[in-house]
Amino acid sequence: MTDVLLQLRGLTKAYPGVVANKDVSFDIGRGEVHALLGENGAGKSTLVKTIYGLVKPDSGAMTLEGSSFQPPEPRVARAAGVAMVFQHFSLFDALNVAENIALGMENPPPQREIAAQVRAVSDQYGLPLDPTRIVGELSAGERQRVEIIRCLLQDPKLLIMDEPTSVLTPQEVSILFETLRKLSAEGTAILYISHKLEEIRTLCDNATVLRLGEVVGTCDPRTTSARDMAELMVGTKLHVPKKATRETGEVILSLKGLSAKAPHRFGTALRDITVDVQRGEVLGIGGVAGNGQDELVAALSGEMPTSAAMVTYKNQPIGQMHPNARRKIGLLAAPEERMGHAAAPDMSLTENAIMTATTREALTSRGFLHWAKARRFAEGVIKTFDVRTPGPANAARSLSGGNLQKFVIGREIMQAPDVLVVNQPTWGVDASAAAAIRQALLDLAAKGAAVIVISQDLDELMEISDRFAALNEGRLSKPRPASGLTVEDIGLMLGGAHDMEVAHVDA
Amino acid sequence: MDLSSINPILLLASLMVAATPIILAAIGELVVERAGVLNLGVEGMMITGAVCGFIVAVNTGSPWLGFLGAAVGGAILSLLFGVLTQLLLSNQVATGLALTLFGLGLSALMGQGYIGIKAPEFADWHIPLLGDIPIIGPVIFQHDPMVYVGLIIVTAVWAFLKYSRAGLILRAVGENHEAAHALGYHVIRVRLLAIMFGGACAGLGGAYLSLVRVPQWTEGMTAGAGWIALAIVVFASWRPWRLLLGAYLFGGVTVLQLNLQAAGAAIAVEYLSMAPYLATIVVLVIMRAGRAPGSLGQSFHASR
């Protein structure tokens with residue numbers, strides 16, 4: 001890796017009130033897979049946007065293949081051979097695959113030719129994709145393939161990937177890694193941003209760690225442990241959640257043959273879900289997104305009413321109860337999508353706290369709000385859960401993903417629920433915040449509440465759950481004790497078809 | 001009632017004329033909305049176009065220059081909307097409504113000295129050969145040129161959106177402005193151009209009323225045509241051919257109910273006057289399939 005492709009020297013970019021990048025320098029070699037690590041808000045996105053020409057640095061210089069490189073806009077960067085796959089996909093739902101790809105190209109050939117090229121590239125790299133399909137109907141993995149193929153058709157020298165695996169299934173991740181390795185072998189450099197340290201260890205040749213906009217270290221991820229990298233990112237010792245041995249108590253929530261029709265066209269029907277949840281336990285529910293997770297949370301939170309007897313809580317049928325009635329008796333839920341579902345982005349944290357806590361914390365009387373009390377409650381959540389924000393009057397939107405997630409989960413935990421249902425509690429959250437959230441869930445269970453954690457992150461589930469069950473096409477497997485489960489066991493529980501595909505790809 | 005007094009050929013012919021101002025205004029608004037902007041000021045731009053076109057045509061004696069003036073007037077007024085909503089990030093709904101009120105007032109002021117004057121003659125074309133075909137000739141091929149200009153614009157917009165690169169970029173901007181920006185497209189520039197095209201088309205539609213259909217200038221003469229154009233865009237699911245269908249349907253029922261009134265139909269006049277609106281809404285609601293552009297009505301700001 002002596003052949004340097006891209007050199008960054010002293011890049012600095014300040015926004016009002018915050019320095020996003022401070023004197024960042026490193027090199028990326030030809031064909032190198034280079035990881036960029038850092039917590040949320042460490043300045044990774046700003047840095048890659050600088051390379052891609054979306055952000056102009058205040059000072060510093062870049063050289064690409066030995067000549068000065070200062071892209072004023074993305075098309076210049078693309079012309080120079082820099083391609084980028086975005087964290088939030090930059091795709092157009094109403095357009096088809098070929099049109100989406102044409103939009104990412106400088107001088108696109110006619111549609112028919114694009115379609116032929118798409119087929120050729122998708123064969124070459126094992127990324128099956130039909131160019132005539134409408135992007136809105138594709139799965140997350142397929143959508144990412146569109147982005148990747150869009151980049152590959154430009155023959156990039158450097159491919160930037162911003163959190164590419166956060167929405168992918170394990171199967172899709174392994175397909176992606178195969179593709180990236182092939183590209184790297186062909187001489188394409190890859191700048192890879194991810195929170196998932198184990199992925200970086202398997203994929204990357206080098207890693208640069210950013211903290212608060214500065215380079216704080218570099219390491220060889222193949223020889224550095226995930227824990228050491230995480231501590232380099234955070235700058236302090238990483239706190240690993242401790243599972244205390246605890247007694248489980250009586251059954252508090254039971255689902256008996258819970259079935260429900262798919263609530264909308266792209267939803268999943270729930271089929272005959274039966275499970276008992278005890279006080280003091282953490283039940284982990286794994287599975288690939290889109291297998292009924294959202295619907296299960298909706299059935300438990302009360303957003304989607306079911307037959308009364310299908311959900312019983314403290315021996316009382318509650319399937320028909322609406323969310324506030326469930327909150328009143330101690331069944332709380334935190335849905336997955338924090339912007340828009342768990343929190344209203346443009347409302348303040350106090351107002352967001354009122355929205356779910358009003359029943360249990362008595363934040364209203366005779367229809368009037370107790371603002372002071374609500375503010376104290378929100379402040380309590382912020383303090384207890386180390387939410388980094390100037391105060392409860394700030395809009396939810398202004399918080400970084402990890403901080404808002406801590407607030408959303410903390411808001412429910414502070415209401416002292418008897419049963420808490422959380423969906424993807426640490427999605428897109430950095431290592432230290434994720435550890436804090438997991439610890440809080442374990443502490444809640446230790447106090448005698450039952451916690452149901454729905455997640456796609458199997459490592460997370462293995463870390464905190466007492467029992468594990470898999471959700472597959474709306475069916476829930478029989479829960480098994482989490483300790484002693486092997487990856488193969490879990491694979492079998494997650495169900496047939498997907499595993500076969502993994503085996504096929506690995507072969 | 002004497003139905004034999006209604007001549008079906010004349011009825012169909014006047015349908016095309018009645019639909020033309022709505023087609024012109026609606027096709028412009030369709031492009032604007034496909035770019036992700038909701039401009040509710042169509043009525044204001046139409047009436048401004050009507051008065052601008054009338055003034056230019058009367059002073060130059062040329063209806064063609066009148067239409068050109070109408071397009072320029074509508075585009076300038078729409079540029080005001082564009083600057084307010086795209087550069088100063090004002091709310092599109094409120095600004096659009098204000099634009100309608102402003103346009104109505106402005107046109108009344110501009111048209112002060114032009115009330116009661118007749119517009120210069122704008123002769124019908126009698127297209128050779130095609131115009132001589134029985135029935136079809138008088139229905140389709142013996143109109144004033146603007147009828148065909150309208151149809152050409154609809155076809156051009158359809159082809160532009162479907163086949164051209166610029167059309168693809170415009171749809172992309174309307175579908176997801178964040179993504180379009182991330183790919184390096186100039187969201188605001190595209191939208192300003194679309195808004196001005198929409199203004200120019202609305203101006204042409206207005207001038208068609210003041211120069212061809214009426215042809216005189218009276219205050220508030222568009223009488224809600226701009227709102228119908230807006231509704232047709234939505235009910236046509238943002239597709240040019242459906243828009244044409246909706247406009248012809250509306251024009252057809254309008255002409256029919258006028259004929260029925262003249263023929264002394266035994267239905268209250270109020271119901272007959274209502275008919276075009278009802279029929280258009282019912283048919284287009286039944287046909288409705290499709291979704292709005294993803295970023296419709298949202299302000300875009302290239303923040304970090």
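In helix H13 of chain A, Gly402(A), Gln405(A), Lys406(A), Ile409(A), Gly410(A) and Ile413(A) meet Ala433(A), Ala436(A), Ile437(A), Ala440(A) and Leu444(A) of H14(A). Here two residues are in contact if their C-beta atoms, placed from the backbone, lie within 7 Å. Helices (H or I, at least four residues) and strands (E, at least two) are DSSP runs, numbered from the N terminus. By class, this contact of H13(A) with H14(A) holds seven nonpolar, three polar and one charged residues; Ala, Val, Leu, Ile, Met, Phe, Trp, Tyr, Cys and Pro count as nonpolar, Asp, Glu, Lys and Arg as charged, and the others, Gly among them, as polar. The axes of H13(A), residues 401-413, and H14(A), residues 431-446, come within 10 Å and cross at roughly 10°. Such axes are lines fitted to C-alpha atoms, for helices over the stretch in contact, with angles running from 0 to 180 degrees between N-to-C directions. H13(A) and H14(A) are therefore roughly parallel to each other; angles under 35 degrees count as roughly parallel, over 145 as roughly antiparallel, 65 to 115 as roughly perpendicular and the rest as oblique.

This is a predicted model, in which local features need pLDDT of at least 70 and side-chain atom pairs count only at pLDDT 80 or more, while totals for chains, interfaces and linings use all residues. Residues are numbered from 1 along each chain as its sequence is written, and chains are lettered from A and ligands numbered from 1 in the order in which they are written. The average pLDDT (the predictor's confidence in each residue, from 0 to 100) is 85 for chain A, where 94% of the residues score at least 70. Over residues 496-507 of chain A the pLDDT is below 50, and this stretch has 11 contacts in the model beyond near neighbours in sequence.

Chain A also contains sheets. One is an open sheet of six strands in the order E6-E7-E8-E3-E9-E10, with mixed pairing; two strands pair if DSSP finds at least two bridges between them. Strands E6 (82-85) and E10 (214-219) of chain A stand at the edges, each with a single partner strand, so one side of each is left without a neighbour in the sheet. From one strand to the next, the twist averages 20°. Within this sheet, E7(A), residues 158-162, and E8(A), residues 189-193, run parallel and are joined by five bridges, with Ile160(A) opposite Leu191(A) in E8(A). Helix H5 of chain A (residues 140-152) packs on the sheet, touching E6 and E7 of chain A, and its direction makes about 180° with that of E6(A). Helix H6 of chain A (residues 170-185) packs on the sheet as well, touching E3 (33-37), E7 and E8 of chain A, at about 145° to the direction of E8(A).

A further open sheet of chain A has four strands in the order E12-E11-E14-E15, with antiparallel pairing. Its edges are E12 (270-278) and E15 (316-317) of chain A, each with a single partner strand, so one side of each is left without a neighbour in the sheet. Three bridges pair E11(A), residues 251-260, with E14(A), residues 311-313, in the antiparallel sense; Ser254(A) has Thr312(A) as its bridge partner in E14(A).

Other antiparallel pairing in chain A involves E4. Strand E1(A), residues 4-15, pairs with E4(A), residues 59-64, over five bridges in the antiparallel sense, and the bridge partner of Thr12(A) in E4(A) is Ser59(A). E4(A) also pairs with E5(A), residues 67-68, over two bridges in the antiparallel sense, with Thr63(A) opposite Ser68(A) in E5(A). E4(A) and E5(A) form a hairpin with two residues between them, and Glu65(A) in the turn has a positive phi of about 50°.

Chain B comes to 12 helices and zero strands. Its radius of gyration, taken over C-alpha atoms, is 19 Å, close to the 19 Å that the globule rule (2.2 Å times the number of residues to the power 0.38) gives for 304 residues, so chain B is as compact as a globular protein of that length. The C-alpha trace of chain B spans about 70 × 45 × 45 Å along its principal axes. The axes of H7(B) and H9(B), residues 187-213, come within 10 Å and cross at roughly 105°; the two helices are therefore roughly perpendicular to each other. Ile169(B), Leu170(B) and Val173(B) in H7(B) meet Val187(B), Val190(B), Arg191(B) and Ala194(B) in H9(B).

The contact between the chains takes 13 residues from chain B and 18 residues from chain A. On the side of chain B that touches chain A, H7 (165-175) and H8 (177-182) of chain B are the elements that give two or more residues, and H7(B) gives the most, with six residues.
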